[in-house]
Amino acid sequence: MTEFQSGSMKRVVAVLVGLGSLSLSGAFAEDCQRGEQMFEQSKTEPQVSQRIVLLERSASLCGRFATHYALGRERLALGVTGPAAEAFETALQLAGDDRAAMLALGRLAEARYEQGRIGEAVAALEGAYGRLAAVSPPQAAPPWLEALRRTLDVRMASTVVTADTMRSIFTSFATRGIGVVPRVQLPVQFDYDSSELAAEGISQVTELGMALATPKLLAPQQKIRVVGHTDARGTDAYNDRLSLARAQTVARALEQRLPELAGRIVVEGHGRHELRHEGNDEETHRLNRRVEIRIEPGLRTAGP
């Protein structure tokens, strides 16, 4: 074959490849158009089962955030929590902005809570609020998300949070593409008007230490941020001091149990400046009093 013939052959192949790409692109566009029609049809379909069929077909033809999110909601309404969670996880991967990611994570938390997978539910919920904080301009959380957060916080505050649950929370952040720093809000109990741990608080910190001691949970360069929070009562100055002192107590207890964490813990006291729930009843005050644990990349530390 001459050089001229070889060059001509390459040009022919390139043209054929281009035509094939155009054909595939056209077929994909047609599938997406059909999928979009099915998605729109699902909005007016009165039968839940038929809506799900339409959404499943639409998702198979052209996966979009709106389709998978709607499919997850329909499945969740029927109590089909496993497939619902799968749809929300796919929606999360397709989310084009922080608001969409917030919605997918919030509904995923709802599905995991219904399944009794509390650690995964908490991680998804914290992720939803983390993504909501990045939305610009700022937006309030949807009422259903606020209600879910209170439900989960009540569940977490009703007993000592186990090391297994905390492992599940931290692992979910790492594996689910949540997109925010891993964190957990712990109902650490202290003596009244004090930074001394109560008996329940000692148990809670012990479980936290067991979770953080899990092999490979912490990378060598990662730090732990311990943030104390109070309820809304009292002055800012008083609550700032108390929340910092309580965070320092937790940090010292962790270092006693896990000496390898020395120099890797950052402590802060945020007082009453970051209330999770609004209200003046005792349950709300109890839920707002907490210690937040975050696992973060390398930080400059200031020991407790």
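Mentor: Gln-185 is buried, at a relative accessible area of 10%. Buried means under 20% relative accessible area, exposed over 50%, and partly exposed in between, with a 1.4 Å probe and protein chains only. Keep in mind that this is a predicted model, in which local features need pLDDT of at least 70 and side-chain atom pairs count only at pLDDT 80 or more, while totals for chains, interfaces and linings use all residues. Residues are numbered from 1 along each chain as its sequence is written, and side-chain values use heavy atoms, without hydrogens or water.

Gln-185 sits in strand E1. Strands (E, at least two residues) and helices (H or I, at least four) are DSSP runs numbered from the N terminus. The side chain of Gln-185 makes a polar contact of 2.8 Å with the side chain of Arg-290. Another, at 3.5 Å, links the side chains of Gln-185 and Glu-292. A polar contact is a pair of N or O atoms within 3.5 Å; within protein, one must be able to donate a hydrogen and the other to accept it, and residues adjacent in sequence count only if both atoms are side-chain atoms. Setting aside residues up to four places away in sequence, Gln-185 touches Glu-126, Met-156, Arg-276, Arg-290, Val-291 and Glu-292. Contact here means heavy atoms within 4.5 Å.

Now the sheet. Its four strands form an open sheet in the order E1-E4-E2-E3, with mixed pairing. E1 (183-186) and E3 (265-269) are the edge strands, each with a single partner, so one side of each has no neighbour in the sheet. From one strand to the next, the twist averages 20°. Strands pair if DSSP finds at least two bridges between them. E2 (residues 223-229) and E4 (residues 290-296) run antiparallel and are joined by seven bridges.

H10 (residues 236-257) lies across E2, E3 and E4, at about 160° to E3. Axes are lines fitted to C-alpha atoms, for helices over the stretch in contact, and angles run from 0 to 180 degrees between N-to-C directions. The buried residues of H10 pack against helix H9 (199-212), E2, E3 and E4. They include Leu-242, Arg-246, Val-250 and Leu-254. An α-helix has 3.6 residues a turn, so residues three or four places apart point the same way. H10 has 22 residues, which should span 32 Å at 1.5 Å a residue, and its end C-alpha atoms are 32 Å apart, in agreement. The expected span is 1.5 Å times one less than the number of residues.

Then the core. The largest nonpolar core has 65 residues, and Leu-212, Val-226, Val-250 and Ile-293 have the most contacts inside it. Such a core is a set of buried Ala, Val, Leu, Ile, Met, Phe, Trp, Tyr and Cys residues joined through side-chain atoms within 4.5 Å. Beyond four places in sequence, Ile-293 touches, among others, Val-184, Leu-186, Ile-224 and Val-226. A second, separate core of five residues includes Phe-39, Ile-52, Leu-55 and Ala-87.

Last, the whole chain. There are 11 helices and four strands. Of the 304 residues, 46% are buried. H6 (residues 118-133) has 16 residues, and 15 of those 16 are buried.
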